[in-house]
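I looked up how the strands pair and what surrounds the side chain.

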Amino acid sequence: MADNTWDVIVIGAGAVGENAADRAVQGGLSVVLVESELVGGECSYWACMPSKALIRSGLVLRAAERVGGAAQAVTGGIDVAALLARRNSFTNNWDDAGQVRWVEKAGIDLRRGHARLDGPKRVTVTDDNGEITTLTANHAVVVATGSDPKLPNISGLVDAQPWTPREATSVEEVPESLAIIGGGVVGVEMATAYRDLGAEVILFARSGLLNGQEDFAGDMVAKALRERGVTIVKASPTRIKRTAHGVDIDTETESFAASEILVATGRTARTNDIGLQSVGLTAGDWLSVDDTMLVYDTDWLYAVGDVNHRALLTHQGKYQARAAGDVIVARAKGAPVDDAPWGAHVATADHGAVPQVTFSDPEVASVGIMSEDAEKQGIDVQVVDYNLGWVAGASLQADNYEGQARLVVDRERQVIVGATFVGQDVAELLHSATIAIVGEVPIARLWHAVPSYPTISEVWLRLLEAIGRP
């Protein structure tokens, strides 16, 4: 564009930034993406895609081992080289040429370099040669810079040069052993993957696994990991030291050793060096936004994805980005803004309808409000559980199937507000629960949504029977 001016500037060309840019362009605005690393971002190269590629082979192998007839045909373990090659194919060997072609085809401009805000609607871009260019936005700047790993304050940790999720998902040589700090989604998924890859795994999780989920989810995953030889330590490291052979790890009562150590203890906003001070904000802070993703006390600055700390999941970030892109177009054109709950220009689902899958074995799929949180919110709660192994479709899916399903029901409104499924292949059950929660489908109407037989989805009928007719 002439004079380095666009209608919208998007800082960060990951999946979230791409979606915001695409929606704005489809609405007729000119947009430039600014990216300092690979176009496609964290999810494409170091998170969602490579991590699930690392996990998938093991899940498939064990699924075969759980079915008589197939189990007898399984004669070997995982081919690590083939698995890593498949992982590399999903990252295009960390080459973003394909993503750049998509950006160009979508009609979005791209600038390479580090972006910093320089006052309202102004962004400077410093390229690899140190040359600085100033870009100007007619209507909006969107921050989609994501988040970084958060390192806990443990003696010796920084000097020990720990892995972050980036190193764990891009590994080319599997270590003999891996210590993982953190019992959340990343810690659990990487424990699953690396045990399948042949590493001995020690998982430090002081408060147990998958906090924030229903209690039975973490318990079932912990049981399965222990059965596969993962050591779960319910304590936090107090000291870590890098040695010639790997890392030594001390807790208050025990000592451990591993070849490598991975930190998976949460995230911090990637806003330390993006010029927030120039617009009256604090470097390093999460960016608080309203439901249209507009940063509070501004009329031009938007924040989407991890950086706003609403729901640190790629699919929710993309959902936010679509709302932000569309509302920027509406405001730029003076069109009506639909910002009521569940409107076209808001991310209402962030507040109580966020779906999430942990790709462990068993899988954990959940959406909405967990039972304990629902009670704290004053909802008159009915909690309904059902053993997934009792469903005919599950028994066909795997011999001796183990799983659990839970619905959290608002008795007063007679709608589902939360759902959790734990078991093999439950991830694909989740969207039906998400639709029921977002649509606030009455329990009485759900009785008419007949699940096909024999599938695992028949659990919906069993859960409705347990709830009882309204």
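I looked up strand β8 (residues 177-181) and found that β8 pairs with β14 in the parallel sense over four bridges. Strands are DSSP runs of E with at least two residues, helices are runs of H or I with at least four, and both are numbered from the N terminus; two strands pair if DSSP finds at least two bridges between them. I noted that Leu178 has Glu260 in β14 as its bridge partner. The model is predicted, so local features need pLDDT of at least 70 and side-chain atom pairs count only at pLDDT 80 or more, while totals for chains, interfaces and linings use all residues. Residues are numbered from 1 along each chain as its sequence is written, and side-chain values use heavy atoms, with hydrogens and water left out.

I then traced the whole sheet: four strands form an open, parallel sheet in the order β10-β9-β8-β14. β10 and β14 (260-263) are at the edges with a single partner strand each, so one side of each has no neighbour in the sheet.

Next I turned to Arg228, in the loop between α8 (215-227) and β10 (231-233). Is Arg228 buried or exposed? Arg228 counts as buried because its relative accessibility is 18% (buried is under 20% relative accessible area, exposed over 50%, partly exposed in between; 1.4 Å probe, protein chains only).

Its side chain makes a polar contact with the side chain of Asp196 at 2.3 Å (a pair of N or O atoms within 3.5 Å; within protein, one must be able to donate a hydrogen and the other to accept it, and residues adjacent in sequence count only if both atoms are side-chain atoms).
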